[in-house]
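Here are my notes on this model, point by point. Please keep the structure open while you read.

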Amino acid sequence: MSAENTENGGSLADRISKPDEASQPTPTTTTTETPAQPADDGAGTELQGSALQEPEYKVEVKLSDLQADPNNPLFSVKSFEDLGLDERILKGLSTMNFRKPSKVQERALPLLMHNPPKNLVGQSQSGTGKTAAFVLNILSRVDLSTEELQNTPQALILAPTRELARQIVGVVQLMGQFLDGLTIGTAVPADASARPTRMSAAIVVGTPGTVQDMIKRRILNPTQLKVLVLDEADNMLDQQGLGDQCIRVKAMLPRTIQVVLFSATFPAHVHRYAAKFAPEANEITLQHEELTVEGIKQLYMDCNSDEEKYANLVQLYGLLTVGSSIIFVKTRASAAEIEKRMTAEGHTVASLTGGIEGSRRDAVIDAFRNGDAKVLITTNVLARGIDVSTVSLVVNYDIPETINPSRKREPDFQTYLHRIGRTGRFGRIGVAISFVSSREEWDMLRQIQQHFSCNIERIDTSDWDEVERIIKKTIKNSRAQAQFAQQQ
Ligand SMILES: Nc1ncnc2c1ncn2[C@@H]1O[C@H](COP(=O)(O)OP(=O)(O)OP(=O)(O)O)[C@@H](O)[C@H]1O
């Protein structure tokens with residue numbers, strides 16, 4: 001397989017998870033003068049919110065800021081009101097059905113909102129509400145008191161893909177929907193025909209290359225920026241292309257900017273680097289054994305060949321459509337091939353990979369969010385951050401792997417965790433099934449299991465009725481769904 005079409009995560013040299021960059025930036029600016037609809041952007045749908053219960057997990061906080069005194073009542077907040085947030089932001093949260101802060105929000109928000117601002121490196125499991133943490137900090141720091149300020153970039157959020165950047169824009173829109181004059185700009189690669197325009201928004205969310213390009217062309221003024229957030233920070237800093245772009249962007253920003261790094265994973269070597277990128281940061285960290293999400297049932301299936309992988313996927317189709325599901329494959333080519341083959345056999349599936357033009361990608365992810373497409377075949381491009389609450393099943397058609405410095409294949413632990421984290425979001429239950437078709441893949445899965453001290457159970461494919469029973473039971477007996485049902 002050529003490196004040309006792989007989209008694995010991790011260090012750049014051996015893979016091409018193309019950062020989402022093209023030559024022309026597309027800044028789009030939206031205002032939220034009128035309340036936004038809780039739409040298809042992954043945030044604030046009726047089903048979510050505090051109706052769901054968070055799994056139990058510990059959050060360790062390391063403070064470099066002596067002022068952030070653990071005895072201070074704001075060190076950890078039990079309610080959004082305790083933070084002294086603007087009434088209009090509280091109203092936004094309540095419209096989104098966010099009744100109380102999640103564990104990471106409880107810890108991170110006081111540190112983030114503390115004055116004078118301090119940097120933060122924040123880690124917590126996938127689907128535990130990191131986005132709201134950094135968005136709330138930004139909303140409470142932007143000054144929208146004059147028209148000029150409303151049109152001047154004051155906060156910048158960088159994300160590795162256009163899908164994630166657009167999703168974050170949706171969260172900002174919803175959370176800030178009652179803030180008069182709030183303007184939000186999206187800086188992601190444009191389709192070839194689009195003309196670059198000036199970014200005049202208070203909050204800018206974009207991918208690093210496009211933002212870098214816009215600052216260089218002087219169509220994004222960085223001088224008034226107060227907050228810089230890197231979402232999926234380990235991934236952004238660890239990949240040569242993205243990492244370089246992030247560094248170049250940061251070098252063009254005011255020196256006093258508050259730097260906020262968030263991710264579910266921070267492998268040791270990136271953590272060291274992150275500490276340099278966000279000097280003297282407060283830290284919220286987790287051990288890797290603590291990173292798996294309790295609500296995700298992890299299974300694997302033995303497949304004797306690639307053809308059997310495909311046959312198993314087709315067998316699973318009925319289950320894939322119980323909720324929504326994401327099938328992760330290694331290459332763009334295999335995503336396209338599986339889509340073509342399944343479609344020809346009468347199944348409804350969609351695919352989204354880095355090779356597709358931006359507007360088409362937007363249409364596919366939007367269709368997936370609103371349920372028009374229920375089965376999405378993709379590469380690692382969607383492994384991180386994507387928050388679609390209906391995803392009940394994730395399939396690792398190929399085990400995520402990386403090439404180590406001695407050019408050997410090895411499991412990509414971080415990507416495994418991020419991929420399976422597309423389900424089981426915020427206390428929901430989900431199923432992750434990994435297909436194993438070789439001794440090497442089996443060995444990699446075993447290492448993943450050891451690394452996270454988790455249990456990945458074998459599922460016997462000789463009896464499909466039984467397979468169906470087990471998976472349906474897990475999906476349907478979800479604690480979250482049961483709780484939701486109780487509240488109806
Ligand atoms: N305090 C809260 N109350 C209710 N729902 C919440 C709260 N915080 C976050 N959520 C919801 O939980 C879901 C997951 O949040 P989010 O996408 O921010 O997770 P994350 O930690 O960034 O995950 P990932 O590591 O996968 O990027 C979202 O649908 C969000 O709307």
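1. Two terms come first. Buried means under 20% relative accessible area, exposed over 50%, and partly exposed in between, with a 1.4 Å probe and protein chains only. Helices (H or I, at least four residues) and strands (E, at least two) are DSSP runs numbered from the N terminus.

2. This is a predicted model: local features need pLDDT of at least 70, side-chain atom pairs count only at pLDDT 80 or more, and totals for chains, interfaces and linings use all residues. Residues are numbered from 1 along each chain as its sequence is written, and side-chain values use heavy atoms, with hydrogens and water left out.

3. Look at strand 8, residues 258-263. It is mostly covered, with 6 of its 6 residues buried. Gln258, Val260 and Phe262 lie on one side, and Val259, Leu261 and Ser263 on the other. In a regular strand the side chains alternate between the two faces of the sheet.

4. What does strand 8 pair with? Two strands pair if DSSP finds at least two bridges between them. Strand 3 (residues 120-123) runs parallel to strand 8, joined by 4 bridges. Here Gln123 stands opposite Ser263. Strand 7 (residues 227-231) also pairs with strand 8 in the parallel sense, over 5 bridges. Asp231 has Phe262 as its bridge partner.

5. Strand 6 (residues 203-206) is buried on both sides: Ile203 and Val205 point one way, Val204 and Gly206 the other. Strand 4 (residues 155-158) is parallel to strand 6, with 4 bridges. Leu156 stands opposite Val204. Strand 5 (residues 183-189) pairs with strand 6 in the parallel sense, over 4 bridges. Ala187 stands opposite Gly206.

6. Helix 13 (residues 413-420) has 8 of its 8 residues buried, so it is largely enclosed by the rest of the structure. Among the buried residues are Tyr416, His418 and Arg419.

7. Now the ligand. It is surrounded by 23 residues, and the closest are Gly127, Lys130, Thr131, Asp387 and Arg425. To be near, a residue needs a heavy atom within 4 Å. Domain 1 (3-21 + 293-487) and domain 2 (31-286) both give residues to this shell, so the ligand lies between them. The domain bounds come from an automatic or database domain assignment.

8. Check the polar contacts (pairs of N or O atoms within 3.5 Å). A ligand oxygen is 2.7 Å from an N or O atom in the side chain of Thr131. Another pair puts a ligand nitrogen 2.9 Å from a polar backbone atom of Lys100.

Note on methods: Polar contact = N/O pair within 3.5 Å; in protein donor to acceptor, adjacent residues only side chain to side chain.
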